[in-house]
Amino acid sequence: MNFWDDRRGVAAQVGAVLLLGFIVISMSVYQATVVPQENRATEFEHSRAVQSDMQELRASILRTASSGTHTPTVVSLGTQYKPRTVFVNPPPPTGTIRTEQLGTLTVRNALADVGSTPGDDTPETDDFWDGETDHEYETSALVYEPGYTRYEDAPTTVYENTLVVNQYDNGNVSLVDQATVDQKNIFVVVVDGELSRAAASNMVITPQALSTATTTIRVTNNTSDEPIQVDIPTRLSAAEWQSNLEATGDYDPSCDTDTKATAYVCNVQPGPDGTVKLTFESNTTYQLRMAKVGLGSGATSPSTEYLTDVERLEYVTEEQRYQFVVEARDKFNNPTTASVRAESQHNGVVDGMEYVDADDRFVFTYEAPNATTSGGQDLINVTYDDLNTGFSPENVEDVQFDVTVRSASGGSGGTGGNDPPSATIESVTDNSECRGNNCNGQDYAEFDVTWSATDSDGSVQSVDIELIRDGSVVDSTTVNSYTDGQPRTTTLRENGGHGEDYVIRVTAGDGTDTGSDQTIETAG
């Protein structure tokens, strides 16, 4: 038997070696191509998830800004690759989330006033919002930066100025609509605090309400040549901000309300120090809301910046008791705690602060002096500073009421006159708004009602201004101190009322009789 000619064992060995080599090559190819592709898909899905998390966080920030509600939001900083028995994954990818200082947001040329009505509508608020002072606010962005191994062109996702933006090497893509401008509504939300974390796990972020936007003030430009401007510190270009405003229907380059009646930003251009300047149409009244939200640690609450009147005293009857109401506000126009004091300069008596109401307003009780001994006049000074040194009605921290004191024999003080008073609605300005397609629940009815009341013997004691829908009063204001014949403007509002029919009723009373006037208006 010739064993040299037998090749069966060699063939088996060669086959086994070839098979093993094929398996090794296949596994190597799988490890080198398929595993990275699958991991890239995992990273891509995580990128989409974290973009959704950032949008949820943005919604939480805006809720906190509007209502003070603290809503924790989970942000997935990293992810896990799928487990493998034979093949090898790289370490789990981490992500970094951090706050970054954007710069200074500035509001320019804004005067606290209702441009469509005569006279000075808010004489105390416009000590602070005087149309001349630039109001500056430091703000930050929240930046998520991924640390993927395979998804190399993944975006950095940023929250800033009510936007969530994906930032790529060649530009930015907005994931949500801007909420800074909505027709005639301006909503400024600044972010404070320091936050920084890198991890492959989840992180819970809870926005803190440092100044909740509970107050809306009305502002207009100081002159037609100096329109309201808002300089926004931003990572976006002016062209990208213009595109965002066009997407929400808030950009009108003609600066003409007749051309596009729901758009009021008429110029967007680069501003100083990395800002974009928004210029608003002139001779229009805007609703300004502002808030400060904290993220992480080190955020600070704003201090008191000015004092304003909520319920004024103008006309009183001798030796009767009245209430007046003031409010201390921060630079965001929202109520703050303060030590507020008041005194009468002549013979009236201010008992001191009676209480702080549910809206953090300071309520005082005033007893009018004798009309003869006071000369028919009294001054009430209110401040959170010093009543005895440097008090001036022009100071932002000071409020003064110039009170006319009338004799009880003139028919006031609850005795009534011989004739009933009369009330007149002089004009109604409709400021109602409908936002988005079919309003989307984001609408309201709002009217500026200019009215006056008279009595033959000057005995008007109180005036009720009411907004009525379907027979029910949905908003009302009572004026307890009023000078006969003087026009006054009152704002009445109901959320969700765009397109509804309303009765506006003004009723004057002298303690015995009443007189009223009313009109029917359709909101919008």
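Good morning. I begin with strands β29 (residues 462-469) and β32 (residues 501-509), which run antiparallel and are joined by 7 bridges. Here strands are DSSP runs of E of at least two residues, helices are runs of H or I of at least four, and both are numbered from the N terminus. Two strands count as paired if DSSP finds at least two bridges between them. Within this pair, I468 stands opposite V503 in β32.

Before I continue, a word on the source: this is a predicted model, in which local features need pLDDT of at least 70 and side-chain atom pairs count only at pLDDT 80 or more, while totals for chains, interfaces and linings use all residues. Residues are numbered from 1 along each chain as its sequence is written, and side-chain values use heavy atoms, with hydrogens and water left out.

The two strands belong to an open sheet of 4 strands, ordered β30-β29-β32-β33, with antiparallel pairing. Which strands stand at the edges? They are β30 (472-479) and β33 (514-522); each has a single partner strand, so one side of each is left without a neighbour in the sheet. From one strand to the next, the twist averages 15°, where axes are lines fitted to C-alpha atoms, for helices over the stretch in contact, and angles run from 0 to 180 degrees between N-to-C directions.

I turn now to the salt bridges. The structure holds 16 of them, a salt bridge being a side-chain nitrogen of Lys or Arg within 4 Å of a carboxyl oxygen of Asp or Glu.

Consider E327 in strand β20 (residues 321-330). Its side chain meets that of R329 in a salt bridge, at 2.5 Å from N to O. Are these residues buried or exposed? R329 counts as buried at 9% relative accessibility, and E327 counts as buried at 2%; buried means under 20% relative accessible area, exposed over 50%, and partly exposed in between, with a 1.4 Å probe and protein chains only.

E327 also forms a salt bridge with R361, at 3.1 Å from N to O. This pair links distant parts of the chain, 34 residues apart, with R361 in the loop between β22 (349-356) and β23 (362-367). R361 is partly exposed, with a relative accessible area of 26%.

Another salt bridge joins E45 and R48, whose closest N and O atoms are 3.8 Å apart. These two residues lie 3 residues apart in helix α1 (residues 8-67) and are therefore separated by about one helical turn. E45 is partly exposed, at 44% relative accessible area.

Finally, a network of salt bridges links R98, E100, E145 and R235.
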